[in-house]
Amino acid sequence: MKGTTSHHIRPAAKIIDTLGKGLIKDDLAAIIELVKNSYDADSESVLVRFEFKESDNTLIIVIDDSGHGMDYDTVINKWLVPGTSDKLERKVSPKKHRRMQGRKGIGRYAAGILGSELFLSSVDEKNNKTELLMDWNAIVDHDYLDEVEVLVENSSSHDASGTYIEIRDKLDDREEKVDIRSLWPDTKINKLKTELSKLLSPVQKRSRDKFFITLEFGEFPSDMWSGRSIEIEPLPLLRLYDYRVHGLITKTGKVNLTYENKCLRLVNSEKISFSIPKSSFDDELQNASTGKVQFDLRVFDRDPEAIEEIVKRAKQSGYTEMNKTEVKHWLNEFNGVGIYRGGFRIRPYGDREFDWLNLGARRVNIPAQRIGSNQIIGLLDIESEEFSGLEEKSARDGLVDNPNYLKLQKQIIKVIEVLERRRYDFRVSIGRGRKLVDVDRVLESLFNFDDVSNDVSKKLKKLKVAEKDITSVTQLILDAKEEKAKELADIKETIAYYQGQANLGKMVGRILHEGRKPVSYLRNSLPDVDANIKKLFKNPTNKKALTELDEETPFLMEETDKIHGLLTSLDPLAYKKGERSKSHKIKTVIQKCRKVFEQELELSNISVEVDLAASSEIYGRSTDFYWIFTNLLENSIYWLRYEDGKNKFIGISSEVSGQFQTIRVYDNGPGVSDELLEGGKIFEPGISAKDGGTGMGLSTAGELARRNGGDIWAISENKGISFYVRLPKNKETLE
């Protein structure tokens with residue numbers, strides 16, 4: 001026959017077999033797909049039941065849920081249509097707005113793996129019952145799918161909504177005879193239990209949207225499972241944490257918590273109580289209340305060693321099939337800090353993509369110490385709006401960004417910092433994670449050839465090499481050391497440059513802020529000055545113009561001097577290449593550093609008490625000294641800014657200690673915790689108690705003090721803190 005004709009694509013009947021057995025990995029995956037369908041149907045629970053009838057050698061698997069069911073049209077036009085895009089288009093379920101799990105439209109054909117016959121009975125919410133029976137073997141006996149007839153019965157019913165699926169596997173009808181014990185051994189059922197656990201959220205017990213799975217066995221040839229009914233529990237992810245803090249924030253802001261570390265069994269829990277200082281909050285937040293807040297925050301390390309430890313703990317809990325890939329998957333899937341009220345979760349808090357505490361952003365600067373949003377599973381319980389001031393938005397999509405909410409964020413970050421500091425110390429002590437180093441000490445170690453020279457000399461002597469040859473080799477090493485010393489000096493110079501630039505940039509922002517007022521004054525006054533000058537050009541005897549100019553000139557000079565002073569104060573902070581060490585008057589150094597903060601000290605009502613002898617001197621690099629003391633002053637101002645009381649002060653004094661001058665910088669602020677002072681931890685890179693602090697200010701101050709032959713330490717006072725900076729008095733001491 002010649003010519004063009006049109007035809008329809010006719011799927012072969014055996015495509016059903018291909019969809020089920022070809023695209024679904026195995027019978028465990030088939031059951032999981034059917035359970036997912038129950039979840040998508042907004043069911044609160046699903047029963048998976050196994051029964052074996054020995055009389056006719058038949059395995060019966062039942063999937064029974066209490067979801068919204070399907071009407072006749074849905075069964076005919078969606079359930080019976082392979083590859084329908086219905087769920088893909090809807091994306092979420094109709095009532096509970098669950099994210100659809102089954103979206104490819106082939107999950108129901110997974111039943112073909114489990115048995116040759118399927119009976120479906122579904123009741124929708126309008127009391128319509130739809131039933132059908134499918135024989136997979138009969139279907140694939142046809143040539144084409146459109147030749148297959150499926151009888152569907154529609155009737156009314158008084159049963160509750162839901163879907164019941166019963167699958168029968170007649171083992172005698174299989175091409176290859178199998179025994180039920182080999183088909184479903186105890187180990188395989190245990191694996192099914194694990195796979196079902198993976199479907200459940202580890203935090204669902206606190207959520208309004210609950211989904212329960214029951215695995216039940218009737219008569220079954222297994223001593224372990226026969227007659228048992230098991231409530232499937234979520235994977236014990238919450239129990240497998242590495243670190244945990246849980247407790248209460250009172251309505252007055254006091255924190256009572258327990259810290260736990262499960263990385264090592266010997267590490268005990270620690271009870272901690274503290275009050276969050278007012279200086280931690282901006283003015284608008286200080287009087288805001290969040291009511292009582294209960295918290296439970298669990299943190300997981302993500303490095304390979306830690307993941308292996310979590311796998312071990314999972315296996316000890318009975319989840320023998322868990323592996324590293326699955327642990328990482330579940331940590332990626334379930335993370336975030338959820339907020340609950342009355343046992344119900346307030347969305348979107350706790351969703352993995354909603355980092356409302358900005359943990360990811362704050363971790364960028366100090367990844368070794370801080371935790372990321374994908375490392376934490378947390379639960380917060382808050383009080384009603386009347387008691388907490390935490391109001392839900394009218395659209396029910398979170399809390400209103402009022403001062404109470406902003407204060408809650410800061411409170412929880414303060415709690416997390418308690419965990420972070422202990423976690424960091426622990427990881428450093430066992431050699432895990434990235435370590436921040438003392439740059440000067442590491443550089444000195446890298447360029448130190450003394451140990452190499454001694455080892456080579458000893459080895460050559462053992463080999464009975466002539467003394468003159470040993471001396472020659474040793475001299476070669478010394479020559480190399482001298483050559484490398486030049487490279488070391490260049491590297492230190494480069495590091496000093498970057499440190500100087502960092503400090504200069506930090507202070508420029510402050511100076512720009514303080515310079516706005518005099519610049520604004522000049523900008524507003526100069527038009528009047530210009531107008532008066534023009535008047536005088538027209539009439540040199542204009543008394544009013546002369547008087548106004550005469551009155552304005554002192555103010556213009558004063559504001560101009562302020563700008564000049566601010567710009568001049570930048571000069572000592574600017575890095576000068578090749579700067580040499582020399583003697584500096586301590587009082588002059590402190591005065592120049594104080595000049596940078598003059599306006600802020602006045603606005604914050606902080607007095608500075610200086611008790612320094614005019615003749616006291618220190619020897620070293622001026623830029624380094626300005627770096628050290630501007631950082632110490634900035635640190636004191638930060639903590640004093642929001643302190644109550646009128647007598648806020650910073651004191652600066654010095655005393656001679658042998659060949660050194662020891663300068664004390666102290667304040668009557670809130671001080672810092674003993675744990676930060678212990679062992680000089682406060683001077684370690686990455687350690688900071690400030691909001692948004694990088695922990696580099698005091699660390700760099702310590703490096704610069706040591707670079708100039710000195711040292712720095714801190715001591716807690718009854719009120720506030722004292723920093724002591726010991727520096728050489730003269731060139732001889734430095735050398």
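Colleague: Is Ser116 buried or exposed in this model?
Modeller: This is a predicted model. Ser116 sits in the loop between helix 5 (111-114) and strand 3 (117-123). Buried means under 20% relative accessible area. Ser116 has 12% relative accessibility, so Ser116 counts as buried.

Colleague: Which residues does Ser116 contact, leaving aside neighbours within four places in sequence?
Modeller: Contact means heavy atoms within 4.5 Å. With neighbours within four places in sequence left aside, the contacts of Ser116 are Met134, Asp135, Trp136, Asn137, Arg168, Asp169 and Lys170.

Colleague: What share of the protein chain counts as buried?
Modeller: The protein chain has 735 residues. Ser116 is one that counts as buried. For the protein chain, the buried share is 47%.

Colleague: What is the relative accessible area of Tyr424?
Modeller: Tyr424 belongs to helix 14 (residues 403-429). The cut-off for buried is under 20%. Tyr424 is buried because its relative accessible area is 4%.

Colleague: How far apart are the C-alpha atoms of Tyr424 and Ile371?
Modeller: Look at the sequence, then at space. Tyr424 and Ile371 are 53 residues apart along the chain. Their C-alpha atoms are separated by 9.8 Å.

Colleague: Is Gly680 buried, exposed or partly exposed?
Modeller: Gly680 lies in the loop between helix 22 (674-677) and helix 23 (697-707). Buried is under 20%, exposed is over 50%, and partly exposed is in between. Gly680 has a relative accessible area of 28%, so Gly680 is partly exposed.

Colleague: How far apart in space are Gly680 and Trp713, C-alpha to C-alpha?
Modeller: In sequence, 33 residues separate Gly680 and Trp713. In space, C-alpha to C-alpha, the distance is 6.7 Å.

Colleague: Among contacts between residues at least 6 apart in sequence, what share joins residues at least 24 apart?
Modeller: Count contacts in the protein chain between residues at least 6 apart. Then keep those that join residues at least 24 apart. The share is 71%.

Colleague: Which strands are the edge strands of the seven-stranded open sheet?
Modeller: The sheet has mixed pairing, and its strand order is 11-10-9-12-15-13-14. An edge strand here pairs on one side only. The edge strands are strand 11 (270-275) and strand 14 (344-345).

Colleague: How many bridges join strand 13 to strand 14?
Modeller: Strand 13 covers residues 336-341 and runs antiparallel to strand 14. Tyr340 has Arg345 in strand 14 as its bridge partner. The number of bridges joining strand 13 to strand 14 is two.

Colleague: Which residue of strand 12 stands opposite Gly247?
Modeller: Strand 9 (residues 243-249) pairs with strand 12 (residues 293-299) in the antiparallel sense. Seven bridges link this pair. Opposite Gly247 stands Phe295.

Colleague: Which residue in the turn between strand 9 and strand 10 has a positive phi?
Modeller: Strand 9 also joins strand 10 (residues 254-261), antiparallel, over seven bridges. Tyr243 stands opposite Asn261 in this pairing. Strand 9 and strand 10 form a hairpin with four residues between them. The turn residue with a positive phi, about 95 degrees, is Gly253.

Colleague: How many residues in the lining of the largest cavity are nonpolar?
Modeller: The largest cavity has a volume of about 60 Å³. Its lining includes Asn335, Arg352, Phe354 and Trp356. Three lining residues are polar and two are charged. The nonpolar count is six.

Note on methods. Residues numbered from 1 in each chain as written. Predicted model: local features only at pLDDT ≥ 70, side-chain atom pairs only at ≥ 80, totals over all residues. Heavy atoms only, no water. Buried < 20%, exposed > 50% of the residue type's maximum accessible area, 1.4 Å probe, protein only. 1 Å grid on protein atoms, 1.4 Å probe; cavity = no way out; pocket = protein on both sides within 12 Å on 5 of 7 lines; lining within 4 Å. Points joined across faces, edges and corners; volume = space filled by probe spheres on them. Nonpolar A, V, L, I, M, F, W, Y, C, P; charged D, E, K, R; others polar. Pairing = 2+ DSSP bridges.
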